[in-house]
Amino acid sequence: MTTGEKPRASFGGRWTYGVIALALLFVLMPFLFWNATWFGRPLTDDQLAKALGDRAHPRDIQHALAQIEMRMEAHDASVRRWYPEIVALSADPVDEIRVTDAWLMGQDNTSPAFHDALARLLADSQPMVQRNAALSLVRFKDDSGRAQILAMLRPYAMQAPLAGTLETRLKQGDVVNPGTLLAHIEATGDTSGKAREVRATVPGALERWLVANHSTVSAGQPVVSLDPSEAMVWEALRALYFIGRPEDLPDVERFARGVDGMSPQIAQQAQATSRAIRDRSHS
């Protein structure tokens with residue numbers, strides 16, 4: 001017997017395929033993103049050569065440098081063919097490439113060309129390049145980057161890139177990484193309504209703002225203080241184990257007593273570094 005009702009459409013057909021396609025997309029997109037950004041994917045020699053010469057794709061260059069580092073750690077002497085390109089990249093205009101390059105060159109402390117390039121990078125405009133260069137130079141038994149290493153144990157004062165009105169975004173204690181947006185500055189005399197971004201150049205945590213929100217700042221004026229990150233402290237303490245001097249002990253021993261928010265390994269390394277410095281001074 002018929003009731004006159006229209007038959008209900010079942011949840012199938014094109015809807016089923018649509019749901020399946022959407023589910024696959026949710027799986028595929030993260031994989032494609034991971035595959036494009038993960039530097040552990042092996043590259044052939046031809047791919048390495050192509051990536052190192054492709055200035056239009058900085059992440060491909062970083063991928064190539066990461067792969068070369070892995071080969072260097074495996075004592076693969078064949079990577080020496082790319083040493084001239086690695087040295088040339090120390091002058092690349094992209095900050096992230098110079099940051100990676102400065103770390104990589106510390107993996108072979110027998111290369112005079114690497115040593116010379118690292119010495120130049122101590123005066124780089126980007127603080128993370130300076131820091132990686134200083135740490136790499138320690139592998140060459142060169143302590144010329146000691147000032148940059150000590151700075152890794154201290155609060156870092158970021159300066160305003162231009163004059164204008166400061167609009168803060170973060171609060172005390174917020175964790176930051178290089179590139180984290182800290183504030184905006186509306187340039188003095190600019191009526192366009194556009195504001196310049198102020199992004200962190202080093203990792204750490206926001207200790208305090210050095211100027212009040214909505215205040216007028218001048219170009220080069222320190223505006224925010226960042227406490228050092230645990231990773232930076234760890235690397236600095238390890239470096240000072242080898243090149244630290246007695247006058248560095250106050251910076252080191254501040255961490256030997258333990259610091260809130262940092263792991264016990266930091267205090268242990270600081271204690272070991274302090275002992276190494278004292279032993280050298282008495283020998």
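**View 1. The buried residues of helix α7.** In this predicted model, the residues of α7 that are buried are Pro127, Met128, Val129, Arg131, Asn132, Ala133, Ala134, Leu135, Ser136, Leu137 and Val138. They make up 11 of the 13 residues of α7, and the helix is therefore described as mostly covered, where buried means under 20% relative accessible area. Among the elements that cover these buried residues are α5 (95-104), α6 (112-121) and α8 (146-151), together with the strand β1 (156-159) and the helix α9 (230-243).

**View 2. The length and the ends of helix α7.** Helix α7 runs over residues 127-139 and reaches 19 Å from its first C-alpha to its last, which is close to the 18 Å expected at 1.5 Å a residue. Just after the helix, Lys141 takes a positive phi of about 60°.

**View 3. An open sheet of 4 strands.** The strands follow the order β1-β8-β6-β3, and their pairing is antiparallel. Because β1 and β3 (175-176) stand at the edges and each has a single partner strand, one side of each is left without a neighbour in the sheet.

**View 4. The pairing of strands β6 and β8.** Strands of a sheet pair through backbone hydrogen bonds, either parallel or antiparallel. Here β6 (residues 204-209) and β8 (residues 222-228) run antiparallel and are joined by 5 bridges. Within this pairing, Arg208 has Ser225 of β8 as its bridge partner.

Key
Residues numbered from 1 in each chain as written. Predicted model: local features only at pLDDT ≥ 70, side-chain atom pairs only at ≥ 80, totals over all residues. Heavy atoms only, no water. Helix = DSSP H or I, 4+ residues; strand = E, 2+ residues; numbered from the N terminus. Expected span 1.5 Å × (residues − 1). Buried < 20%, exposed > 50% of the residue type's maximum accessible area, 1.4 Å probe, protein only. Contact = heavy atoms within 4.5 Å. Pairing = 2+ DSSP bridges.
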